[in-house]
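Dear colleague,

I am handing over the structure we spoke about, with the sequence alongside. My notes on what was found in it follow below.

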Amino acid sequence: MAAALPRALTALAVGASLWLVGCGGHEARTLTMRTALDAGNAKAAIAAVDEQLDVDSPKKLPADIKGDNAILVLDRASIQQGLSEFSLSQRDFEAADKAIDMLDLAHNAGDSIGEYVFSGSSGRYQAPPYEKLMINTLNMLNYLERRDLGGAKVEARRLAVLQKYYRDKLERPENPVLGLGSMLAGFAYEQSGEAEEALRYYDDALAFTGFRALGESVRRLAARAQYRSPRITALLGEGPHDAPAQDDTGEVLFVVGHGRVPHKVANRLPIGLVLTLFASSLSPGDREAANRLAAQGLVTWVNFPSLAPGRGKYETPTCTLDGAAVTLDQAVDVDAAVREEWKSIEGKIIVSAITRLIARFAVGQGIQAAAGKDSVVGLLASLGAQATLTVLDEPDTRSWETLPARVAVARVRLPVGLHHVTLDARGWNRQQDFTVTKGSWQVVSLMALR
Amino acid sequence: MNVRSLLRPFFAILPLSLLALTSSGCGQEVVRGANDPSIDGKAMSTGLDKEDIQRALHETLNNLRIAPVMNEWRAQNPPPNVAIFPFQNSTSEHIDSMLDAMLGEAETWLVESGTVQVISRERQTQMIREVEGQQNAVFNPANTAKYGRQLGAKYLITGKVSGNDERTDDARRVQYFLFLQVIEVETSVIKWQRKTYVTKAVR
């Protein structure tokens, strides 16, 4: 009976290991994609994602989008947007949006247990608020590029549902990425002739920096809408008191995303160092158990994710319209939102990594105890099981890696006629001719995900 | 302690390994609705599906069949021209294609009823382009009456869908309010209107 226990425990440990075999980690799955993007080769990046999704064309969705494939589809959506393939990007964003929403709503206690016992990446993916809000924001941009105001307003409403949920149900502070989303939503409603709704969205955008250029639109809308707020009232008090005259002009919105948010990388640090860095995040019991482990040597490694450096921090995008420079205002620093969110959850992630380490140690102790205190086989089986579980403990490096690090905007009124714009960021550029007619509107964007 | 006893724990895991290998690679099945009608009954998302559209239309068109405006149409000779314009989607779901399908079904029902002459939708698209201009050739609900007049339509059939979308930690619910209406072009009077409700949820 006593001899059966180590066998059972070893079987359990290796069985759990088998369950995790094949998970190379999200970071590894996207390495080729990131390398291609770094080289400015968006098409190669899409091919790399397609390979991971096991599809032979960017026009195809994977057969299974329920799990981590949803994040890859999201990655592909951003890159398609960078290639001005707005229709494909829109399709990918919507498929990923639904899949990520279903993951978010799923409730499975096994995920949490797996995350705390076997591997950080074994739980279901829960997108952080900025990712969910950016899905609707960037897809709104796709609809606006395609001049589909109805579709853009659907995305605006989806964004508002999430905003309300985060604010009212989870009592989270307003996320800065909402500034860009609200500005685009306001633009969609303004161009649809729905002044009240447009003003409400612009009011939300004005809560964040980078949207002072909305002044003219707000004044024009305020002349035919009743909605007022302290911010709107203050803005109306600052500038000219009359609404701008209607003239023979059209309006153009330029949106430039550049760089990429930091992705997650796997770290493997000795327990002693981790305790030095994060001891304050642990409960006294866990800290004591972890301290006992610190002397074990070979198998006392903690596996946890951290953020890699972002890309394109010091880059300034440019907009050249009919040969003259147009100033782009930074609308959102997504990179900062990612870091802020990470800071708030990093402690919990380290704790779960150390909890897994303690669980591995307990498995080893169990095997040793069952085999007998002085048993060499028991010691080897114990160390073997712990070492195997350590190797297979995959830090959760899943995230939407192709989110632009920053987004800048410019809004201009142009005289009727043919115009030419060049948007440039980090060596990627888009050149576009467009015709302005009286009262027309246009959105031209560039996502330089390098 | 011999080699055999050292290897014994690893023999113990053999059944688990085989189970893992055999369970991987299970394929998905493609099913035809004609062979398995139950697949249409299952809700897959919070969007509108065939079942929702058919339920909503069944109720709505049964009401139109006995509405006074239908009797007016039956009495007119030649039958009046009717144009069908897109639904206004004011929900948080991309359901435009399903709303088009709904109008398509309503159009078929009207054509088969023989009480009206339905103006083709291609002609309507051309008219929208003429009214809105090439640059902004998108349907504008505010100009519906203008399109109708230019098309020579006496009546318009259109609709709107509003939605209430709410979510909690583990559930999302969308309530749809669908309105179908008949508008007299000359007077802009709503001659008939019917509402139906559809609720979908993920929980």
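In chain B, 63% of the contacts with a separation of 6 or more join residues 24 or more positions apart, where two residues are in contact if their C-beta atoms, placed from the backbone, lie within 7 Å. Please bear in mind that this is a predicted model, in which local features need pLDDT of at least 70 and side-chain atom pairs count only at pLDDT 80 or more, while totals for chains, interfaces and linings use all residues. Residues are numbered from 1 along each chain as its sequence is written, and chains are lettered from A and ligands numbered from 1 in the order in which they are written.

Chain B has 7 helices and 6 strands, these being DSSP runs numbered from the N terminus (helices H or I, at least four residues; strands E, at least two). Their order along the sequence is α-α-α-α-β-β-α-β-α-α-β-β-β. Of the 203 residues in chain B, 23% are buried, meaning that 20 or more other C-beta atoms lie within 10 Å of the residue's own.

Turning to chain A, one open sheet of 4 strands has the order β5-β4-β8-β9 with antiparallel pairing, two strands being paired if DSSP finds at least two bridges between them. Its edge strands, each pairing on one side only, are β5 (324–326) and β9 (428–436) of chain A. Within this sheet, β4 (residues 318–321) of chain A and β5(A) pair over 3 bridges, and Cys319(A) has Val326(A) in β5(A) as its bridge partner.

A further open sheet of 4 strands in chain A has the order β6-β7-β1-β10, with mixed pairing, and its edge strands are β6 (329–333) and β10 (441–448) of chain A. There, β6(A) and β7 (residues 406–415) of chain A pair in the antiparallel sense over 4 bridges, with Val409(A) in β7(A) as the bridge partner of Asp329(A).

Finally, the axes of helix α11 (residues 195–206) and helix α13 (residues 230–238) of chain A come within 9 Å and cross at roughly 85°, axes being lines fitted to C-alpha atoms, for helices over the stretch in contact, with angles from 0 to 180 degrees between N-to-C directions. α11(A) is therefore roughly perpendicular to α13(A), a term that covers 65 to 115 degrees. Leu199(A), Asp203(A) and Leu206(A) in α11(A) meet Arg231(A), Ile232(A) and Leu235(A) in α13(A).

Technical notes. Buried ≥ 20, exposed ≤ 12 C-beta atoms within 10 Å, placed from the backbone. Parallel < 35°, antiparallel > 145°, perpendicular 65-115°, else oblique.
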